[in-house]
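Colleague: I'd like a close look at one part of this model, with whatever surrounds it. Could you walk me through it once the structure is up?

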Amino acid sequence: MTIPDKQLAAVFHNHGNPDNVKFEEVPVAEPGENEVLVNIKYTGVCHTDLHALQGDWPLDVKLPLIGGHEGAGVVVKAGPGVNRLKIGDRVGVKWMNSSCGNCEYCMKSQETICPNIQLSGYTVDGSFQHYCIANATHATLIPESVPLEVAAPVMCAGITCYRALKESGVQPGEWICIPGAGGGLGHLAVQYAKAMAMRVVAIDSGEDKKELVKSFNADVFVDFKTDDVVEMVKEKTGGGAHGTLVLSTSPKSYEQAAAFARPGSTMVTVAMPAGAKLGADIFWLTVKMLKVCGSHVGNRLDSVEALDYVARGLVKPFYKVQPFSTLPEVYHLMHEGKIAGRIVLDLSK
Ligand code: 8ID
Ligand code: ZN
């Protein structure tokens, strides 16, 4: 296979709205030490990509940036010192691009809190291009039985939900509450939770998202636009969920999660709405003995395990495939909360 010198990439030079994304010809990068060049076939679009475009977060974005961190493709070139991967391997390019491997956190497999972390589609260029650089230690091998377009949404959404559910400490038979259940992360969280024998309260809005989460056997659906969220969660779970995974991009979900929390339960913060603060009342936090726990994607083993649930047929990403050129439209739909499941971009179109 010949690798071209130049390729098409979705780039933004400044923060702003989806019209800031331009399709430009850029050089194909050369893999460095312990890096591989991946020919991206499919990439999911995560709400994080939209946060990066808008400049929502208190962490600097590389500019100009090629976003994207749910890439799935094939290794076409290996840099010096690569032993783990070879040309032809099917791999995923994740948000977790690389870590130092030597700090206190890396030593404990907590690589997602490594102070020297690099993030695909944020601090380094990501999967919204045909040829993307990936770190050979962190790229995830995709099992042969999992098609690349299916693997793409797992590379961020799947891994993140899987790890966050573990962090919640919710046991089989107990209730997990999932605000944002009909979105990219949410629809996978519902499935991982059911596969772990949890009972699920799914919160989102609209018939299509209700039908989607019900098709994954969510036990209860609460519509945040028409239902009294706090009262309904408490009533259906007999006093509040044992854990909550906040996957909604509305800060209101954090207020509600603190209000419907069952005493002794854990709220896992996953979604990061711009400027959101935790407004929980310290009195109730204390006397209800609530736990608040942040969860940032997953480590290398979480990634392998999350894909294994898919390979075993326990989790099935729900996605619509669209041409690469539709990325700006995807951002518009995402901003309006109109995407049920994920949109996966086909780089060949
Ligand atoms: O490692 C991490 N912590 C991590 C990894 C990946 C993504 C964090 N994230 C973050 C993203 O940056 C984003 O802030 O998780 C959030 C959700 O990402 P997503 O699933 O990719 O977003 P989406 O597909 O747009 O889904 C959001 C859902 O929230 C619903 C929407 O209807 C949509 O289905 N929602 C909204 I907006 N308001 C809601 C509310 N009040 C709500 N659901 C319940 N209650
Ligand atoms: Zn993501």
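Leaving aside its neighbours within four places in sequence, which residues is Val154 in contact with?

Modeller: Happy to, and keep in mind that this is a predicted model. Setting aside the neighbours within four places in sequence, Val154 touches Ile159, Tyr192, Ala306, Leu307, Val310 and Pro317. Val154 itself sits in helix α3, which covers residues 148-168. With a relative accessible area of 1%, Val154 is buried, since the cut-off for that label is under 20%. For a sense of scale, Asp281 is 127 residues away from Val154 in sequence and 35 Å away in space, C-alpha to C-alpha.

Tyr192 makes an aromatic pair with Tyr309, with 5.3 Å between the ring centres and 55° between the planes, so the pair goes down as tilted. Tyr192 belongs to helix α4 (residues 184-195) and Tyr309 to helix α9 (residues 300-311), so this pair ties together parts that are 117 residues apart in sequence. Both tyrosines are buried.

Stepping back to the whole structure, a search turns up 15 salt bridges. One of them joins Lys338 and Glu336, with 2.9 Å between the closest N and O atoms; Lys338 is exposed at 54%, while Glu336 is partly exposed at 46%. Another salt bridge pairs Asp346 with Lys349 at 3.7 Å, and there the aspartate is buried at 6% whereas the lysine is exposed at 60%.

The aromatic search finds 7 pairs. Among them is Phe23 with Phe324, an edge-to-face arrangement at 5.2 Å centre to centre and 90° between the planes. Phe23 is in strand β2 (residues 22-27) and Phe324 in the loop between β17 (319-323) and α10 (327-335), so this pair ties together parts 301 residues apart in sequence. Phe23 is partly exposed at 30%, but Phe324 is buried at 2%. Trp57, Trp95 and Tyr122 form one aromatic cluster.

Helix α10 comes up again around α1. In α1 (residues 47-54), 6 of the 8 residues are buried, so the helix is largely enclosed by the rest of the structure. The buried ones are Thr48, Asp49, Leu50, His51, Ala52 and Leu53. Their cover includes β1 (6-12), β3 (35-44) and α10. Just after α1, Gly55 takes a positive phi of about 70°.

As for the surface, Phe283, Trp284 and Val287 make a nonpolar patch there, with about 340 Å² of accessible area together. Phe283 is in helix α8, residues 282-287.

Methods: Residues are numbered from 1 along each chain as its sequence is written. Chains are lettered from A and ligands numbered from 1 in the order in which they are written. This is a predicted model: local features need pLDDT of at least 70, side-chain atom pairs count only at pLDDT 80 or more; totals for chains, interfaces and linings use all residues. Side-chain values use heavy atoms; hydrogens and water are left out. Rings of Phe, Tyr and Trp (its six-membered ring) pair if their centres lie within 6.5 Å; planes under 30 degrees apart count as stacked, over 60 as edge-to-face and the rest as tilted. Helices (H or I, at least four residues) and strands (E, at least two) are DSSP runs, numbered from the N terminus. Buried means under 20% relative accessible area, exposed over 50%, partly exposed in between (1.4 Å probe, protein chains only). Contact means heavy atoms within 4.5 Å. Patches are made of residues with over 30% relative accessible area and no salt bridge: like charges are joined within 9 Å, nonpolar side chains (Val, Leu, Ile, Met, Phe, Trp, Tyr) within 5 Å. Accessible areas come from the Shrake-Rupley method with a 1.4 Å probe; for residues, only the protein chains shown count as cover. A salt bridge is a side-chain nitrogen of Lys or Arg within 4 Å of a carboxyl oxygen of Asp or Glu.
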